[in-house]
Structure formats: C-alpha cells, structure tokens
Amino acid sequence: MKATVDWAGNASFKATSGTGHTIQMDGPPDHGGENLGARPMEMLLMGLGGCSSFDVMSILNKSRQDVTACHAELEAERADAIPAVFTRIHLHFVVTGHGLKENLVKRAVSLSAEKYCSASIMLEKAGVEITHSHEIREAE
C-alpha cells in the first residue's frame, strides 16, 4: 500500500492513495489553515470507522441479513499533552434492516473489533482503549 502527500500551501495538504483517490487535508485557522479539508487525525478516525463498517457489512451480508443502512458514530478522546494521541475511541453502530437478528449483528460488530478490522486492532495495540456498541432499527 502506498500514498503520497503534497503540500498545497499554508497548512493544507493533498493526499493521494495508491489507487489514485485524492483527499484534501487542512489545519485549523489558528495553525495557518483555512478549514479546506479534514484534519489528519480526523482522517485517522474516519478511516477506522470505514474499516470497521466495511467488516460489519461484509459479515452481515454473508449472514444473509437484510440490511438497508449501517451508520457508525465514532467518538474519540485525545491526550492533553503533545503528542495529542487518541486515548479512547468508541464506535456505535446503528444497523437498520428488515428482521435483523440481534445475535448476528452483535457477532458482526465483535468479529470486526476482535479479528478483522486492521485499523482498530492496530490502534488497540498502540494503547488506545476502543469500545463498541450497536443498536438495531427496523426498516420501514
């Protein structure tokens, strides 16, 4: 896996993935940024959410669950000192569908957390406390 990051002026950077996708990152105004893109640490948090959501949906699809929506809410705490690393992250999944089985949704979230989500497992090994929860909503 490869990526490049190019300075775009002030505190702004353009990141390009090895597959050719670009993302704009920027710092806050008090650090010379113009709020033109997500902060790098926000990107890390969003990447964790994407990685875990991918796993949950893959597992639920293999379990033949009729999912109509999967929404992940992530909340992170950071250290007060420099470096301001993540100390705690909570992922809450809201899974909507028709007749979803509680045990299968719970299993999908657990398998992602404990076995499949590389981002989550890597951050945990670095000392970040990561917790998960879920709720099921019946689709209309």
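How do the axes of helix α1 and helix α2 cross, and within what distance do they come? Select residues 40–62 for α1 and residues 102–116 for α2. Their axes come within 9 Å and cross at roughly 135°. That makes α1 oblique to α2. Angles under 35 degrees count as roughly parallel, over 145 as roughly antiparallel, 65 to 115 as roughly perpendicular, and the rest as oblique. Axes are lines fitted to C-alpha atoms, for helices over the stretch in contact, and angles run from 0 to 180 degrees between N-to-C directions.

Before going on, note what you are looking at. This is a predicted model, in which local features need pLDDT of at least 70 and side-chain atom pairs count only at pLDDT 80 or more, while totals for chains, interfaces and linings use all residues. Residues are numbered from 1 along each chain as its sequence is written, and side-chain values use heavy atoms, with hydrogens and water left out.

**The whole chain**

Zoom out. The chain has 3 helices and 6 strands. From the N terminus, the order is β-β-β-α-β-β-α-α-β. Helices (H or I, at least four residues) and strands (E, at least two) are DSSP runs, numbered from the N terminus. The C-alpha atoms fill a box of roughly 50 × 35 × 30 Å along the principal axes. Of the 140 residues, 33% count as buried. Buried means under 20% relative accessible area, exposed over 50%, and partly exposed in between, with a 1.4 Å probe and protein chains only.

**α1 against α2**

α1 passes α2 in a right-handed crossing. A crossing is right-handed if the near helix is turned clockwise from the far one by less than a right angle, and left-handed if anticlockwise. Show side chains on α1 for Ser 52, Asp 55, Val 56, Ile 59 and Leu 60. On α2, the contact residues include Leu 104, Val 105, Arg 107 and Ala 108. Contact means heavy atoms within 4.5 Å. Colour by class: the contact of α1 with α2 has 9 nonpolar, 2 polar and 2 charged residues. Ala, Val, Leu, Ile, Met, Phe, Trp, Tyr, Cys and Pro count as nonpolar, Asp, Glu, Lys and Arg as charged, and the others, Gly among them, as polar.

**α2 against α3**

The axes of α2 and α3 come within 7 Å and cross at roughly 60°. α2 and α3 are therefore oblique to each other. Their crossing is right-handed. Select Ala 113, Glu 114, Lys 115 and Tyr 116 in α2; they meet Ser 118, Ser 120, Ile 121 and Glu 124 in α3. By class, this contact has 3 nonpolar, 2 polar and 3 charged residues.

**Around α3**

Step just past α3 to Gly 127, which takes a positive phi of about 100°.

**Buried spots in strands and a loop**

Select Ser 12 in strand β2, residues 12–17. Ser 12 is buried, with a relative accessible area of 4%. Not counting residues up to four places away in sequence, Ser 12 touches Asp 6, Trp 7, Gln 24, Met 25 and Asp 26.

Next, select Gly 37 in the loop between β3 (22–26) and α1. Gly 37 is buried, at 19% relative accessible area. Its contacts, leaving aside neighbours within four places in sequence, are Gln 24, Met 25 and Asp 26.

**Backbone stops in the loops**

Where is Pro 83? Look in the loop between β4 (66–78) and β5. A cis peptide bond joins Ile 82 and Pro 83, with omega about 0°.

Finish at Arg 64, in the loop between α1 and β4. Phi of Arg 64 is near 60°, a positive value in a residue other than glycine. Arg 64 is exposed, with a relative accessible area of 78%.
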